[in-house]
Amino acid sequence: MHIATESDIRAGRTADVYFPRTATVLRHFGIDKRVTMEVRTTTLPGGWEWAVLAGVGEVAELLAGVGCSVECMPEGTIFFPGEPVLTISGPYLGFGVYETALLGLLCQASGIATKAARIRLAAGGRTVVSFGARRMHPALAPMIERSAYLGGCDGVATILAAEQIGIPPSGTMPHALVLVVGDSVQAFRMFDQATPAEVPRICLVDTLQDEKFEALAAAEALGDRLFGVRLDTPGSRRGDMRALLREVRWELDLRGFGHVLLMVSGGLDEDSIPPLNAYAQAYGVGTAISNAPTINFAADIVEVEGRPFAKRGKESGHKNVLRCQACDRREIVPSATSPACSCGGTGEMLLQPLLIDGQRVVPEASAADIRQRVLRQISTLGLTR
Ligand code: PCP
């Protein structure tokens, strides 16, 4: 397969070639200087005003044992354009070759987590399941689905990702089951009979007949055991998805199947979800999350041998982000600043030590805790899409 192994990455074999060439030049002339490198982005894709930092755990793994020190916002922190999210200090030759890899780890995971958080906001309290592993290289499925979960998805579809997160995988049934069995109701019954009891019975009701009649047939076949129906209505049949859901809801309720939830999937994104919220209780979102825009973080040297020094267009100096606990103001400050706000309130520095001389100094939080951190900030900061 066309994938790099962990040892390829650690050996610098996924680096842009100019980094190892730079190391060769510096070594040839016996130059190695202590630098501070800063990771930040000045803009976010699609006019986003905020983003979710993800990929930190993998950066810590990548740089563990490398003789550098890292300060970082905790994984799951909401950040804004211009704010440094991570700084690395140490001899350049120790970590410079990892620039490509560490940016890739942060850029993709943060883009996915941010998109998932935006979908979370669009869906309100309704269930959102990550369905997008199939759109990406399978080697990335655990990272993609973990990032989706951190951003606020309630569940993930693939087995290994769920296992690594520590939650059961979420799934309903594919069209393949109905087609191979050859009849919807028979497939619903077989699914019910042969699937472990702990799996919620959610029948896919768009394969062969109209969604309303398949939903009613599923409800009549499974009765109280039917947890929900999923509408993955093909694009060619989507006249008015909201009206279709309203009709299915009405017909189920009329016959005493009010307990059956409606799940929608297929081509959903943050703008197509809110109109469906009146009737849908769950969404499966694929491409919009797994193919989220990447966050274009840059890594720039801002200090050399303890002196502020940066390229044109970049503020020099080792920095941090001060957030005031009293007035909530955020300010980019020199890292040596005392954590006090001009309002008189106590501030906290958002970038905290992650690695000191290559040793991790804070344990990795669980995916569930990071996800809660994201959801808490979205609420306390009053973030909107
Ligand atoms: C879902 C649906 C979407 C897939 C998931 C991801 O698959 O068909 O195409 O959604 P996206 O459009 O947001 O990327 P199933 O209905 O389970 O697919 P299948 O036809 O394989 O049964």
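**Figure 1. Aromatic pairs in the predicted model.** The structure, which is a predicted model, holds three aromatic pairs. A pair of aromatic rings is described by the distance of the centres and the angle of the planes.

**Figure 2. Arginine side chains over aromatic rings.** Two rings are shown with an arginine over each. Phenylalanine 309 has arginine 307 over its face, at 5.8 Å from the ring centre. At tyrosine 149, the charged end of arginine 371 sits over the ring, 5.3 Å from the centre.

**Figure 3. A salt bridge between arginine 201 and aspartate 192.** Side chains of opposite charge can pair when their charged atoms come close. In the whole structure, a search finds 28 salt bridges. One of them joins arginine 201 to aspartate 192, with the closest N and O atoms 2.9 Å apart. Arginine 201 has a relative accessible area of 8%, so this residue counts as buried. Aspartate 192 is also buried, because its relative accessible area of 10% is under the 20% limit.

**Figure 4. A salt bridge between two helices.** Lysine 212 and glutamate 251 meet through their side chains in a salt bridge, at 3.6 Å from N to O. Lysine 212 belongs to helix α10 (residues 211–222) and glutamate 251 to helix α11 (residues 241–254). The two residues are 39 residues apart, and the pair links distant parts of the chain. Both lysine 212 and glutamate 251 are buried.

**Figure 5. A salt bridge between partly exposed residues.** Arginine 329 and glutamate 331 form a salt bridge in which the closest N and O atoms are 3.1 Å apart. Are these residues buried, exposed or in between? Arginine 329 has a relative accessible area of 33%, so this residue counts as partly exposed. Glutamate 331, at 32% relative accessibility, is partly exposed as well.

**Figure 6. A network of salt bridges.** Salt bridges link several residues into a network.

**Figure 7. The surroundings of proline 91.** Proline 91 is part of strand β5, which covers residues 86–91. The relative accessibility of proline 91 is 30%, and therefore this residue counts as partly exposed. Leaving aside residues up to four places away in sequence, proline 91 touches Asp32, Lys33, Arg34 and Gly67. Valine 304 is 213 residues away from proline 91 in sequence, yet the C-alpha atoms of the two are 9.5 Å apart in space.

Definitions and conventions:
Residues numbered from 1 in each chain as written. Predicted model: local features only at pLDDT ≥ 70, side-chain atom pairs only at ≥ 80, totals over all residues. Heavy atoms only, no water. Helix = DSSP H or I, 4+ residues; strand = E, 2+ residues; numbered from the N terminus. Buried < 20%, exposed > 50% of the residue type's maximum accessible area, 1.4 Å probe, protein only. Contact = heavy atoms within 4.5 Å. Phe/Tyr/Trp six-rings, centres within 6.5 Å; stacked < 30°, edge-to-face > 60°. Lys NZ or Arg CZ within 6 Å of the ring centre and 35° of its normal. Salt bridge = Lys/Arg side-chain N within 4 Å of Asp/Glu carboxyl O.
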